[in-house]
Amino acid sequence: MATLHLICGIISSGKTTYARRMMAQKPALLLSVDEVTLALGDLLPPERHDDATICIKRHLMQKAEEALAAGLDVIFDWGFWHATERQAMEAYLQKAGIEHVWHYIDISDSRWAMYIAKRNQAVQRGETHAYYVDEGLKQKCTGLFQPPRREEIDVWYVPQEE
């Protein structure tokens, strides 16, 4: 049976890198909200970002269900920042009978700062298509992110030296 993998973690914690490592071990479809919002670029004004994210997640869920029904594992690189979002998703998946595994990227503050700096340099050099994390975005994300409880998570990953 195909499995849905849900990756929880704050911005620039290494979720996409983690997802790509999973894909190297077993074929899977990676679905990323950030990838879609970034692809929309100037078509998505900042004041519409949150509304668009809701629509994008709904669409990606439909695509995930199609892929899972076809026997392909799916990875959600979504962040799942809020406890209520995780709870609602868990309830939906349970009701729908969708096999799933929750993953959490538990990153230390010092490693997070290092990842942000590395990411921002890559964005500035045009080597990656990701959000540039300035101090304002970092503070916003810190204020919004609600780390999960251990009992919510199946795989608790702590990044080490890479």
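## Aromatic cluster

Phe76, Trp78, Phe80 and Trp102 are joined into a cluster by ring pairs. Rings of Phe, Tyr and Trp (its six-membered ring) pair if their centres lie within 6.5 Å; planes under 30 degrees apart count as stacked, over 60 as edge-to-face and the rest as tilted.

## Basis of the values

This is a predicted model, in which local features need pLDDT of at least 70 and side-chain atom pairs count only at pLDDT 80 or more, while totals for chains, interfaces and linings use all residues. Residues are numbered from 1 along each chain as its sequence is written, and side-chain values use heavy atoms, with hydrogens and water left out.

Strand S4 spans residues 100-105. Helices (H or I, at least four residues) and strands (E, at least two) are DSSP runs, numbered from the N terminus. Six of the six residues of S4 are buried, so the strand is largely enclosed by the rest of the structure. Buried means under 20% relative accessible area, exposed over 50%, and partly exposed in between (1.4 Å probe, protein chains only).

In a regular strand the side chains alternate between the two faces of the sheet. In S4, His100, Trp102 and Tyr104 point one way, and Val101, His103 and Ile105 point the other way.

Two strands pair if DSSP finds at least two bridges between them. S4 pairs with strand S1 (residues 4-8) in the parallel sense over five bridges, and Leu4 has His100 as its bridge partner in S4. S4 also runs parallel to strand S5 (residues 155-157), to which three bridges join it. Tyr104 stands opposite Trp156 in S5.

The whole structure holds seven aromatic pairs. One of them is tilted, because the rings of Tyr18 and Tyr157 have their centres 5.0 Å apart and their planes at 40 degrees. Tyr18 lies in helix H1 (residues 15-25) and Tyr157 in strand S5, 139 residues apart. Tyr18 is buried at 10% relative accessible area, whereas Tyr157 is partly exposed at 24%.

Tyr104 and Phe145 form a stacked pair, 6.4 Å centre to centre with 10 degrees between the planes. Tyr104 belongs to strand S4 and Phe145 to the loop between helix H6 (135-144) and S5, 41 residues apart. Tyr104 is buried at 7% relative accessibility, and Phe145 is buried at 11%.

## A charge over a ring

The charged end of Arg150 sits over the ring of Trp156, 3.9 Å from its centre. A charge sits over a ring if NZ of Lys or CZ of Arg is within 6 Å of the ring centre and within 35 degrees of the ring normal.
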